[in-house]
Amino acid sequence: MIELNGLTKQFSNGKGIFDVTFSISKGEVFGFLGPNGAGKSTTIRHLMGFMKPSKGSAAIDGMDTWKDAAKIQEKIGYLPGEISFLDGMDGMAFLNLVGGMRGMKQTAYRDELIHRLQFDVKTPIRKMSKGMKQKVGIVAAFMHEPEVIILDEPTSGLDPLMQRIFIEIVMEQKEKGTTFLMSSHSFSEIERTCDRAAIIKDGKIVVVENIHDLQQKQRRLFDVTFASEEEAIRIKQSSLDVVSVTDNRAEIAVQGDYNQFIRALGDFQVRNMDIHEQNLEEVFLNYYNREADPS
Amino acid sequence: MNMTLYAKMLKVHAKSISSYAIGSALYLLLIIGIYPSIADAPGLNDLMESMPESFLAAFGMEGGFQHVSDFIAGEYYGLLYVVILSIFCLMTASQLMARHIDRGSMAYILATPNSRKKIALTQAIVLITGLLIIGITTALAGVIGTEVLIEDKPFEAMTFLNVNLVGILLFYVISGYSFLFSSLLNDERQALGISGLLTIVFYGMDLIGKMSDKFDWMVHLSLFSTFRPVEIARGSVDVWPMITFLFLLGTALYAVAILVFSKRDLPL
């Protein structure tokens, strides 16, 4: 459904995207991972026909994303990464504008989405919070039930409850055969919904892989609190990858083999366990190596 | 063009269009209102003669005022009309394109099955509609105002309408290059700044050229040389060459703007 073929765009400052190649088949939910500034949005802008590639091409449903940009939009729903609506109208007026420009007649699904995401469409846009704007943007992307939905950082600004509702909506549309491309800078955000994912770094695709394989490869840090300091020191002798020990707490890195981790901990008195929030570079150290600065 | 977008955009800009239109009409009525007292003032033409020739020439006032239409042309169309319409064209043009590109809201407009040409054309028509509303309201205020407020004074309705026609076409060109910069640039303030600067330079060149013989070549480089309200009001110039020139230039500027916008990379 979506086909990227050596897509390259170099900006005057030398940055850009280079030889980006992957394809997404119909009905697939595809994650697009990378830290800020890696080239996710630039790639998506090409898919939307906002930019002309310097080299290579991209196609959606067989149509070139630059030459047939207007025609492709009939099939696409899009949520931009930076939400900025038009001034001087409320949420409903904005949705009516976008719907009207699409020639959309059916509003039943739109109204259902508004109801499920629970927001007041009569709020003037300039008075909306970031999360509320995100909801309006999601409705605008989904309301015409397009064949392809492209979402740039869809859950930013949504509270956990709304994130769950959002995932439900994505899964429902997936059932109907909708193809998704979803970008994110956090793996946990996409692992629940995506089938496959690509990781991009400095404008180049590092890997395109099945989500389960990626889950195996992610490196997670657990903060384990033991009953005593001795135990915390003793854990160092085990086969686990102990990153650091402070007092009775140890930081343990786990990659793939959770069973071994649980078995090893079985001999200890564990008081508390917590997962570290990590950024993408830390989760996929093996892809990002050590050269990526922790920003 | 896309009717939904056109209607919404016109609604968003309705407030500013109507306030410029009402402001311009009221000011014109005020000028018409003071005409009788000025025309009957015995010392006025003496006073005008005492002023430097070049100064009068700069504001198109040489030879005194014989008719109410001359007076309006000199007093209103010579300066305030130009200021009001310039501000409207510059502001609205930068808001219709560059602001949406700058803020990213253009992404939503383009994420609909409408070509960029169609979108840009729609926005251009919104701007031209606003200009026409203000221009026609002003012209009507002039015609009706002189009818109601002035008695027994010769008023040349035909030449007065010519002043308005050339005036509107002059701003068709000014809005045309403002729209071009607005479609070409990613920064709203930059677009506004460049088109504003160009307008001021044109106006300044016209003013200096008329005041000083040494710099009279400047007049011909200025767009404002096509708009001589007092001369048009007196019927002493043939307006058709200017009308044709301004219409073609304005249309070309809008066409280039739409084409440029449809071909360029957008940072959305």
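Nine residue pairs are in polar contact across the interface of chain B and chain A, counting pairs with both residues at pLDDT 80 or more. The model is predicted. One salt bridge is counted between chain B and chain A: the side chains of K9(A) and D265(B) meet at 2.3 Å, N to O.

**Chain B side of the interface**

- Helix 1 (3-40), helix 6 (98-103), helix 7 (106-110), helix 8 (116-149) and helix 13 (240-263) of chain B each give two or more residues to the side that touches chain A.
- Helix 1 of chain B supplies the largest share of that side, five residues.
- By class, the side of chain B that touches chain A holds 13 nonpolar, nine polar and seven charged residues.

**Extent of the chain B and chain A contact**

- The contact draws 31 residues from chain A and 29 residues from chain B.
- About 2400 Å² is buried between chain B and chain A, with 63% of it on carbon and sulfur atoms.

**Domains of chain A**

- Chain A comprises domain 1 (2-215) and domain 2 (218-288), and their centres, taken over C-alpha atoms, are 36 Å apart.
- In chain A, seven residues of domain 2 are in contact with 14 residues of domain 1.
- The two domains of chain A bury about 980 Å² between them, 61% of it on carbon and sulfur atoms.
- Between domain 1 and domain 2 of chain A there are zero salt bridges, and zero residue pairs in polar contact are found with both at pLDDT 80 or more.
- On the side of domain 1 of chain A that touches domain 2, helix 7 (187-191), strand 9 (196-201), strand 10 (204-210) and helix 8 (211-217) each give two or more residues.
- The residues of that domain 1 side are eight nonpolar, three polar and three charged.

How values were computed
Residues are numbered from 1 along each chain as its sequence is written. Chains are lettered from A and ligands numbered from 1 in the order in which they are written. This is a predicted model: local features need pLDDT of at least 70, side-chain atom pairs count only at pLDDT 80 or more; totals for chains, interfaces and linings use all residues. Side-chain values use heavy atoms; hydrogens and water are left out. Domain bounds come from an automatic or database domain assignment. Contact means heavy atoms within 4.5 Å. Buried area is the accessible area (1.4 Å probe) that two parts lose on being put together, summed over both. A salt bridge is a side-chain nitrogen of Lys or Arg within 4 Å of a carboxyl oxygen of Asp or Glu. A polar contact is a pair of N or O atoms within 3.5 Å; within protein, one must be able to donate a hydrogen and the other to accept it, and residues adjacent in sequence count only if both atoms are side-chain atoms. Helices (H or I, at least four residues) and strands (E, at least two) are DSSP runs, numbered from the N terminus. Ala, Val, Leu, Ile, Met, Phe, Trp, Tyr, Cys and Pro count as nonpolar, Asp, Glu, Lys and Arg as charged, and the others, Gly among them, as polar.
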